[in-house]
Amino acid sequence: MNLHELRPAYGATKKEKRIGRGEASGKGGTSTKGNKGGQSRAGYQRKNAHEGGQMPIQRRLPKRGFNNINRVEYKVFNLGQVETLIEKYELKEFSLENLYINGLVSRTDLVKILGNGEIKTKVNFRVNAVSDKAKAAIEAAGGAVELVK
């Protein structure tokens, strides 16, 4: 067998459907698009959520709940996590800049420290919010807390 003898497997290729090439082709006239209506015309674009006149799903489903536009979302770190992060990344100060540099938070994230776990390392914190329990534990370990706006 040579390269010039290669052929596709039987049934693997089909002739292209040539529409709009006269009545004798069987695909002439309306070019397989049917009679009248938007879909038969040039420039037709189907709208993404259109369901053919049926009541759309976003109108069938009930609205529930309430979204508070003033909600403040924090990236939360517990004291147990903080201890492991300080060891892993060798942090001298637990600040927003250090967390961002090490890829733990994004530039716009707000950071809050919670009091679950223990902290033994003396380290200073520069974060957006701290719980009372966490603040007491940090100060007991010899660290300081500075709140950043």
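Predicted model: local features only at pLDDT ≥ 70, side-chain atom pairs only at ≥ 80, totals over all residues.
## The nonpolar core

The largest nonpolar core in the model comprises 19 residues, and those with the most contacts inside it are Phe 77, Val 82, Phe 94, Val 111, Ile 113 and Phe 125. Two or more residues each are given to this core by α2 (79–89), α3 (96–101), β3, β4 and α4 (132–140), with α2 providing the largest share, 4 residues.

Phe 125 shows how parts of the chain come together: leaving out residues up to four places away in sequence, Phe 125 touches Val 82, Phe 94, Ile 113, Ile 119, Ile 138, Ala 144, Val 145 and Glu 146.

Within α2, the residues Leu 79, Val 82, Glu 83, Leu 85 and Ile 86 are buried. These residues lie on the same side of α2, because they cover an arc of only 170° around the axis. The cover over the buried residues of α2 includes β1 (74–78), β2 (93–95), β3, β4 and α4, whereas the face turned away from the buried side carries the exposed residues Glu 87 and Lys 88. After α2 comes Glu 90, which has a positive phi, near 50°.

## Asn 116 and its surroundings

Asn 116 sits in the loop between β3 (110–114) and β4 (124–127), and its relative accessible area is 53%, so Asn 116 counts as exposed. Apart from its neighbours within four places in sequence, Asn 116 is in contact with Asn 78, Leu 79 and Gly 80. The C-alpha atoms of Asn 116 and Ala 134 are 7.6 Å apart in space, although 18 residues separate the two in sequence.

Notes: Residues numbered from 1 in each chain as written. Heavy atoms only, no water. Buried < 20%, exposed > 50% of the residue type's maximum accessible area, 1.4 Å probe, protein only. Contact = heavy atoms within 4.5 Å. Core = buried A, V, L, I, M, F, W, Y, C linked by side-chain atoms within 4.5 Å. Arc of directions from axis to C-beta.
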